[in-house]
Amino acid sequence: MNPGLPAGWTIERVRALSGDQRAVPLSVDRLVVVEVYGRSDYESLRPDVILAFGELCLARDDGEWFMGQLDDDGSVICWASYGSDLAEAIRGL
C-alpha cells in the first residue's frame, strides 16, 4: 500500500524507519495549519499526505514535510517544515 507516499515508499518502510509499528496514513480531509513565527495566527496547509505516529504527524504540503501534533478534534497543528526528504523528516520525530 502506498497512500500517496513518494516513489519507493510504503507504510511498512515508514514504520521500519520510524520504529513505530502503529504509524498510519490519515485522511487529508481535516484542518491542517502551521504556526508562523512572529504571527498570532496560523497558515492553512493543504497536504496530500498525512502520516500519524501516535499524536505526532508529518503532513506533506507542496513537497515539504511539516511536523505537527494531532489535536483532539482531528486537526493537525504543525510547528515547522522538516524539508522535502521523508527519511530526514522521520528521523526528526
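Okay, let's start with Arg60, which makes a salt bridge to Asp48, with the closest N and O atoms 2.9 Å apart. That pair links distant parts of the chain: Arg60 sits in strand β5 and Asp48 in the loop between β3 (42–44) and β4, twelve residues apart. Strands here are DSSP E runs of at least two residues, helices H or I runs of at least four, numbered from the N terminus.

Quick caveat: this is a predicted model, so local features need pLDDT of at least 70 and side-chain atom pairs count only at pLDDT 80 or more, while totals for chains, interfaces and linings use all residues. Numbering runs from 1 along each chain as its sequence is written, and side-chain values use heavy atoms, with hydrogens and water left out.

By salt bridge I mean a Lys or Arg side-chain nitrogen within 4 Å of a carboxyl oxygen of Asp or Glu. That rule gives four. Back to our pair: Arg60 counts as buried at 14% relative accessibility, whereas Asp48 is partly exposed at 46%. The cut-offs are under 20% relative accessible area for buried, over 50% for exposed and partly exposed in between, with a 1.4 Å probe and protein chains only.

Next, Arg91 and Glu88 meet at 2.9 Å, N to O. They're three residues apart in helix α2 (residues 86–91), so about one helical turn separates them.

And the cysteines? Cys57 and Cys78 are both buried, each at 0%. The sulfur of Cys57 is 7.5 Å from its closest cysteine sulfur, in Cys78, so that's too far for a bond. With a disulfide being two cysteine sulfurs within 2.5 Å, the count is zero.
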